[in-house]
Amino acid sequence: VIDAGAFNGILMSIFALQVGPSGRVLAFEPDSINQRKTLRNWELNGRPAHVEIIPSGLWHCETEIEFCERGSLGSSAFWDGPGGEMVEIHTKTLDQAVTERILDRVDFVKMNIEGAEIKALEGAGRTIRQFKPHFAISSDHFVDGNVARGERTSGPVEEILRGHGYDAETIRFGSEWVTFGTPGQ
């Protein structure tokens with residue numbers, strides 16, 4: 001399981017229980033404040049060896065980018081917000097992470113990465129083609145952080161997934177939009 005945007009590690013911990021010791025969870029969290037929360041949650045859950053916390057953002061390439069670190073759900077590469085501090089973070093692709101760890105399967109990818117979902121999917125093509133994981137992607141963010149243009153990331157995320165042969169649908173849960181991707185038949 002890939003937990004992109006681990007925030008404070010709650011879902012990471014649930015995923016760890018679901019996959020059990022024979023599975024694996026990769027938890028990506030680039031915000032150093034949130035990393036500490038995630039690490040604390042990992043420690044409180046007995047430091048499961050099958051969980052790895054990766055202090056990087058997911059992107060379409062390996063690079064350094066400017067990032068608004070807020071220690072909250074709203075940390076983002078696309079906007080700065082109240083209480084945030086601009087820092088530089090390291091990014092990598094999902095394909096890189098999977099290859100570096102010699103994974104032989106990826107079953108599920110959860111993303112809540114505050115607008116970076118399009119970039120992250122662009123860096124996941126090989127993983128998508130090889131493993132056909134299921135997706136749940138928070139997609140109520142604005143494309144490239146451009147609020148004035150008003151285009152939500154849900155449309156491009158659906159297009160990318162469909163381009164890989166997936167069935168994709170965005171469901172709204174109040175103000176939250178989640179795009180689900182299921183490998184097509």
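The model is predicted, so local features need pLDDT of at least 70 and side-chain atom pairs count only at pLDDT 80 or more, while totals for chains, interfaces and linings use all residues. Residues are numbered from 1 along each chain as its sequence is written, and side-chain values use heavy atoms, with hydrogens and water left out.

Q: What radius of gyration does the protein have?
A: For 185 residues, a compact globule would come out near 16 Å, the rule being 2.2 Å times the number of residues to the power 0.38, with the radius taken over C-alpha atoms. The protein agrees with that, at 15 Å.

Q: What percentage of the residues count as buried?
A: Buried means under 20% relative accessible area, exposed over 50%, and partly exposed in between (1.4 Å probe, protein chains only). Going by that cut-off across the 185 residues, the buried part is 52%.

Q: Which secondary structure elements does the F15 and F108 pair tie together?
A: Phe, Tyr and Trp rings (the six-membered one for Trp) pair if their centres lie within 6.5 Å; planes under 30 degrees apart are stacked, over 60 edge-to-face, the rest tilted. F15 and F108 sit 5.8 Å centre to centre with 70 degrees between the planes, making them edge-to-face. Helices (H or I, at least four residues) and strands (E, at least two) are DSSP runs, numbered from the N terminus. The two residues are 93 apart in sequence, so the pair ties together helix α1 (residues 10-19) and strand β7 (residues 108-111).

Q: How is the pair of F135 and Y166 arranged: stacked or edge-to-face?
A: F135 is in strand β8 (residues 134-138) and Y166 in strand β9 (residues 166-173), so this pair ties together parts 31 residues apart in sequence. Both F135 and Y166 are buried. Their ring centres are 5.7 Å apart and the planes are at 65 degrees, so the pair is edge-to-face.

Q: Which residues does T38 touch, leaving out those up to four places away in sequence?
A: T38 belongs to helix α2 (residues 32-44) and is buried, with a relative accessible area of 0%. Counting contact as heavy atoms within 4.5 Å, T38 touches A6, F7, N8, G9, M12, E29 and I53.
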